[in-house]
Amino acid sequence: FFLATANTLDTVPRPLVDRMEVIELGAYTRTEKLSIAKNHLIPKQMRLFGITKKQLSIPQTTVAEIIDYYTAEAGVRNLEREIATICRKATRKLLDGTEKLTIRSGDVQHYLGARRMLPEKLASEDEIGVVNGLAYTAVGGDLLKIEASVMDGTGKIELTGSLGDVMKESAQLAVSYVRTIAADYGVAPDFYKTKDIHIHFPEGAVPKDGPSAGVTIVCALLSALTEIPVRRNVAMTGELSLRGRVIAIGGLKEKTMAAYTCGIDTVLIPADNVKD
């Protein structure tokens, strides 16, 4: 009887996947992680280090600080490690004579060092050619700002940001679709001949692939061509067909949680995903 675990099936050989029964466990939400830490992780680590509740207190706000700025994962493995680090350093203080220790959120940097990650923040104002996309990753969801820029030129299309083949095809498809609807938005029909188009996905060192950025690329490109800003509090996800039909996507739970974490209050999703 063979058991295997993986963060993503993309890197597992297909013949092996075909011969296995796959059980998918979605990423924990922030609220679920807080509950797991409170009811399981903190009590477990305190027992291991011989600490009682009367000696050490780790409030929920402290755990939230660790989740947001020190871990990026679908599960809670690294969260438990960070809690263990705090308990270990707290034990030393207690042995030095401190009777009661409460770790506030502002104390976390003293125990774990400077914040290791900063979540994506909303722009201060609506921008032209910048749209909030959503991505599904092995560690949960992520906000992905897609940028489009249009310049006078000869019709060159440039794609940057460490993109996979599927995402490159989505970008090319988006340009073709915008050509078919250009007249509806007051865009010159020959823009693909007289303009150079540059589409960029930030965080270029991180490989990106998948079809679900189709609608986002179209929106960014139309914004750049019409010089109409896009609302900064809106995110979107959806695969696009050549005819403009929006196709269902996966990882909706993780994507919407990423949007919520970043302060976005409106997410546009494919109609076929309403069932999710």
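Q: Rings of Phe, Tyr and Trp (its six-membered ring) pair if their centres lie within 6.5 Å, with planes under 30 degrees apart counted as stacked, over 60 as edge-to-face and the rest as tilted. How many aromatic pairs does a search of the whole structure find?

A: The search finds one aromatic pair. The rings are those of F191 and Y192: their centres are 6.2 Å apart and their planes are at 90°, so the pair is edge-to-face.

Q: Nice. What should I know about the model and the numbering before we go on?

A: This is a predicted model, in which local features need pLDDT of at least 70 and side-chain atom pairs count only at pLDDT 80 or more, while totals for chains, interfaces and linings use all residues. Residues are numbered from 1 along each chain as its sequence is written, and side-chain values use heavy atoms, with hydrogens and water left out.

Q: Back to that pair. Is F191 buried or exposed?

A: F191 is buried, at a relative accessible area of 2%. Buried means under 20% relative accessible area, exposed means over 50%, and partly exposed is in between (1.4 Å probe, protein chains only).

Q: Let's talk helix packing. At what angle do α3 and α4 pack?

A: Helix α3 (residues 60-70) packs with helix α4 (residues 77-95) at about 125°, and their axes are 10 Å apart. Axes are lines fitted to C-alpha atoms, for helices over the stretch in contact, and angles run from 0 to 180 degrees between N-to-C directions. That angle makes α3 oblique to α4. On the cut-offs, angles under 35 degrees count as roughly parallel, over 145 as roughly antiparallel, 65 to 115 as roughly perpendicular and the rest as oblique.

Q: Which residues of α3 and α4 make the contact?

A: V63, I66, I67 and Y70 come from α3, and L79, E82 and I86 come from α4. Contact means heavy atoms within 4.5 Å. These residues divide into six nonpolar, no polar and one charged. Here Ala, Val, Leu, Ile, Met, Phe, Trp, Tyr, Cys and Pro count as nonpolar, Asp, Glu, Lys and Arg as charged, and the others, Gly among them, as polar.

Q: What about α2 and α4, at what angle do they pack?

A: Helix α2 (residues 30-48) and α4 pack at about 45°, with their axes 10 Å apart. The two are therefore oblique to each other. Among the α2 residues in the contact are K33, L41 and Q45, and α4 brings L79, E80, I83, A84 and C87. The contact divides into eight nonpolar, one polar and three charged residues.

Q: New topic: where is G113?

A: G113 is in the loop between α5 (108-112) and β3 (127-128), and G113 is partly exposed at 28% relative accessible area. G113 and Y70 are 43 residues apart in sequence and 9.4 Å apart in space, C-alpha to C-alpha. With neighbours within four places in sequence left aside, G113 is in contact with Y70 and V108.

Q: Last one: which residues of helix α9 are buried?

A: In α9 (residues 252-261), L252, E254, K255, A258 and A259 are buried. The buried residues of α9 pack against β4 (130-137), β5 (140-152) and β12 (266-268). After α9 comes G263, whose phi is positive, near 90°.

Technical notes:
Helix = DSSP H or I, 4+ residues; strand = E, 2+ residues; numbered from the N terminus.
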